[in-house]
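Thank you all for making time this morning.

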Amino acid sequence: MLGGSTSTNFMMYVRGNKEDFNRWSTEDAVGDPQWNYENLLPYYKKPEDYNGIYASDPASAQYHGKGGLLNVATHDYMPGVEEFLAAAQEKGYTVGDYNGANQEVFSKVDVTTQDGWRESTYRAFYKDTGKPSNLCIKKYALVTKINFRPIAIPGKPRKAVGVTYQRQGLTRSVTATKEIILSAGAFGSAKILLLSGVGPAAHLRSLKVTEKN
């Protein structure tokens, strides 16, 4: 399905908690500071055309983008939401933008829609705007392996240079000119890595998977 989960989900625009990103930069991503929230925020803003209820708030420009291809707006049908937010405020909770400075808030829901239509990534970046000249989509293709080659520097890891995939009964390999982005979901990404020889060594040996497979 073109657009992936953006073509089937509820369209809620939620970036996730900023402290999760910050944790990646210190723990999960081997302490790589490039993954902290401040460094990633510009990449969230760049594709966004924010037209939600906080669009007129000057502070929203720090956390939202304008003029991008992905329209983000506040859901226009939320029966009872005003009463819900009023009750939250009565209990002392904060009402605000959950993608803004303070994410511990009660809020109306922002969604990815455009003129009443679902704004999937396929619609926003392909169907409505024309096929990008640098994009080629191969439907019904299944990636089975990431291809690596050694780097001529002692002690350096192997470099991912391409992928092998199956399509219409044929197996083909393609080579990347810059980099490979692995985005096959929580289970699919791990499976491809394992099939490529990336993972717990003992587990891979038990399955007779090697980097040459």
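This is a predicted model: local features need pLDDT of at least 70, side-chain atom pairs count only at pLDDT 80 or more; totals for chains, interfaces and linings use all residues.

What is the partner of F21 in its aromatic pair? The partner is Y37, and the pair is tilted, with 5.9 Å from centre to centre and 45 degrees between the planes. This pair links distant parts of the chain, because F21 sits in helix α1, residues 18–28, while Y37 sits in helix α2, residues 37–45, and the two are 16 residues apart. Is Y37 buried or exposed? Y37 has a relative accessibility of 2%, so Y37 counts as buried.

A second pair, made by Y93 and F106, has ring centres 5.1 Å apart and planes at 50 degrees, so this pair is tilted. Here Y93 and F106 are both placed in the loop between α3, residues 81–90, and β3, residues 110–111, and they are 13 residues apart. Y93, at 49% relative accessibility, counts as partly exposed, and F106, at 26%, counts as partly exposed.

By the rule used here, the count of aromatic pairs comes to seven. If you look again around F21 and Y37, you will find that they belong to one aromatic cluster, which is formed by F21, W24, W35, Y37 and Y44.

Let me now step back to the whole chain. The chain has six helices and eight strands, and if you read along the sequence, these follow the pattern α-α-β-β-α-β-β-β-α-β-β-β-α-α. The radius of gyration is 21 Å, whereas the globule rule gives 17 Å for 213 residues, and because the value is well over that figure, the chain is more spread out than a compact globule. Along its principal axes, the C-alpha trace spans about 60 × 40 × 30 Å. Of the 213 residues, 28% count as buried, and the chain exposes about 14700 Å², of which carbon and sulfur atoms supply 56%. Turning to contacts between residues at least 6 apart in sequence, 42% of them join residues at least 24 apart.

From here I would like to go to one of the sheets. Three strands form an open sheet in the order β6-β7-β8, with antiparallel pairing. Why is one side of β6 and of β8 left without a neighbour in the sheet? The reason is that β6, residues 141–149, and β8, residues 170–175, stand at the edges, where each has a single partner strand. Neighbouring strands of this sheet are turned by 25 degrees against each other on average, direction ignored.

T177 has a relative accessibility of 80%, so T177 counts as exposed. Although T177 and V161 are 16 residues apart in sequence, their C-alpha atoms are 7.8 Å apart in space.

Key. Residues are numbered from 1 along each chain as its sequence is written. Side-chain values use heavy atoms; hydrogens and water are left out. Two strands pair if DSSP finds at least two bridges between them. Helices (H or I, at least four residues) and strands (E, at least two) are DSSP runs, numbered from the N terminus. Axes are lines fitted to C-alpha atoms, for helices over the stretch in contact, and angles run from 0 to 180 degrees between N-to-C directions. The radius of gyration is taken over C-alpha atoms; the globule rule is 2.2 Å times the number of residues to the power 0.38. Buried means under 20% relative accessible area, exposed over 50%, partly exposed in between (1.4 Å probe, protein chains only). Contact means heavy atoms within 4.5 Å. Accessible areas come from the Shrake-Rupley method with a 1.4 Å probe; for residues, only the protein chains shown count as cover. Rings of Phe, Tyr and Trp (its six-membered ring) pair if their centres lie within 6.5 Å; planes under 30 degrees apart count as stacked, over 60 as edge-to-face and the rest as tilted.
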